[in-house]
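User: I'd like to learn how to read the features of a structure, step by step. Could we go through one together?
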Amino acid sequence: MLNTVYQLKRPRQFEVAFKEMEIDDRQVIVRPTRLSICHADQRYYQGARAEEILRQKLPMALIHEGIGKVIYDPTGTFEIGTEVVMIPNRPVEKDDIIAENYLRSSKFCASSMDGFLQEYVQAVPDRFVRLPQGINPTVAAYTELVSVSFHAINRFLRFSHERRDVIGVWGDGNLGYITSLLLKKMLPDSKIYIFGVTENKLSDFTFADGTYCVNEIPADMQIDHAFECVGGGAASKAINQIIDYIHPEGTISILGVSEDPAPINTRMVLEKGLRIFGSSRSGRSDYEGLLQLYEEHPEVVSYLENIMGAEVEVRDVKDITRAFEMDIHKLMGKTVMIWNE
Ligand SMILES: NC(=O)C1=CN([C@@H]2O[C@H](COP(=O)(O)OP(=O)(O)OC[C@H]3O[C@@H](n4cnc5c(N)ncnc54)[C@H](OP(=O)(O)O)[C@@H]3O)[C@@H](O)[C@H]2O)C=CC1
Ligand SMILES: O=C(CO)[C@H](O)[C@H](O)COP(=O)(O)O
Ligand SMILES: [Zn+2]
């Protein structure tokens, strides 16, 4: 069967490719319906990656956050029409210690293989997870991003000491919003403080115990642990500020992606005995745990509606380009493409 794949050929230029899709008795076929744009997609679209990386990876279909409907399932796992979230991580081996998203052999849609901007997505059944009935489909479209925070918080619970009275989250964007929201839900006894740069954005964090502009942090501020959700060129500034305000023996969870190495104050990391760990992407168990959290705490989904940005009907390359350009100029929120519906 012929599949239509919308690939980024070079920065700011999509093209249509037709690829043969072999139907077999192992793999499910899903028609994507809502696709959400991530920062990582924007780095490819805007050509913000190194030239040699772009040369190596493009042409490639973007998008690794999305949902769809099952249209074919020879394994009998799903009924036809079932709404599912698509998992972009594609492991080829299993390891008792290393999670699927850290195995160097794993592929990842829209990074080392085509992403979800396709007419059909094909994978083995465990790469799809059934969505709860009635969930807002636009919020469901960015489940992948939320699962990254869920994954990082669960690792944090493994790595950090148990005095978690105050947790700071640096970054007043989408990932900062999601991470602090989940922290508030998963650690209700902790105070969650957000540190950002824009008053307007910080005012959206209504569930937080405090919000601070990074240029006006009270001198006596102290936090037990912190999450960095900034990335890019500002990651280094954020991490060093965390190092300044964190208590000794605290844990710093790094989530922001930076193209260039970020210099950090290692002397103070040593003196304070800090633990720093990074997290990237997520695996099936994170999706399952998160969707269970959504079912138990439906108010989390309501809060996630606050970061719904533009919803753009997309039928062709021109519409896709328009969605990516709109996403660049947004102040906050997730841009979601309504696709194939
Ligand atoms: N580890 C993973 O698996 C994942 C990582 N990411 C990465 O996380 C990062 C954040 O993503 P996302 O939230 O979508 O991006 P956003 O751009 O929405 O968020 C970053 C926010 O941090 C703010 N900021 C800038 N400088 C500082 C500072 N010094 N202190 C505190 N906040 C600051 C930015 O403000 P302003 O816009 O005004 O500069 C912006 O609001 C990106 O690098 C992204 O690629 C995303 C998904 C998964
Ligand atoms: O967004 C992400 C996960 O949701 C990661 O940032 C993304 O996977 C990084 O990929 P790449 O190396 O292609 O930038
Ligand atoms: Zn992403």
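Analyst: Gladly! Let's start with aromatic pairs: rings of Phe, Tyr and Trp (its six-membered ring) pair if their centres lie within 6.5 Å, and planes over 60 degrees apart count as edge-to-face. Keep in mind that this is a predicted model. By that rule, the structure holds 13 aromatic pairs.

User: How are the rings of tyrosine 193 and tyrosine 212 arranged?

Analyst: Their centres are 5.4 Å apart and their planes stand at 70 degrees, so the pair is edge-to-face. Tyrosine 193 sits in strand 12 (residues 191–196) and tyrosine 212 in strand 13 (residues 210–213), so to speak two distant parts of the chain, 19 residues apart, are linked by this pair.

User: Let's turn to charges. How many salt bridges does the rule count?

Analyst: The general idea is that side chains of opposite charge can pair when their charged atoms come close. Here the count comes to 16 salt bridges. One of them joins arginine 34 and glutamate 311, with N to O at 3.5 Å. Arginine 34 belongs to strand 3 (residues 28–36) and glutamate 311 to strand 17 (residues 308–314), so this pair ties together parts 277 residues apart in sequence.

User: Which domains does the assignment give for the chain?

Analyst: It gives domain 1 (2–144 + 307–339) and domain 2 (147–278). The contact between them takes 13 residues from domain 1 and 15 residues from domain 2. The C-alpha centres of the two domains lie 28 Å apart.

User: And what is the area buried between domain 1 and domain 2?

Analyst: The size of an interface is often given as the accessible area lost when the parts come together. For domain 1 and domain 2 that area is about 1,100 Å², with carbon and sulfur atoms giving 55%.

User: Which polar features cross the interface of domain 1 and domain 2?

Analyst: Two salt bridges are found across the interface, and eight residue pairs are in polar contact. On the side of domain 1 that touches domain 2, the residues divide into five nonpolar, three polar and five charged.

User: Now the backbone. Where is there a cis peptide bond?

Analyst: A cis peptide bond joins leucine 58 and proline 59, with omega at about 0 degrees. Proline 59 is placed in the loop between helix 2 (51–57) and strand 4 (60–61).

User: What is the phi of arginine 12?

Analyst: Arginine 12 has a positive phi of about 65 degrees, although it is not a glycine. You will find arginine 12 in the loop between strand 1 (2–10) and strand 2 (13–20).

Conventions:
Residues numbered from 1 in each chain as written. Chains lettered and ligands numbered in written order. Predicted model: local features only at pLDDT ≥ 70, side-chain atom pairs only at ≥ 80, totals over all residues. Heavy atoms only, no water. Domains from an automatic or database assignment. Contact = heavy atoms within 4.5 Å. Buried area = accessible area lost by both parts, 1.4 Å probe. Salt bridge = Lys/Arg side-chain N within 4 Å of Asp/Glu carboxyl O. Polar contact = N/O pair within 3.5 Å; in protein donor to acceptor, adjacent residues only side chain to side chain. Nonpolar A, V, L, I, M, F, W, Y, C, P; charged D, E, K, R; others polar. Phe/Tyr/Trp six-rings, centres within 6.5 Å; stacked < 30°, edge-to-face > 60°. Helix = DSSP H or I, 4+ residues; strand = E, 2+ residues; numbered from the N terminus.
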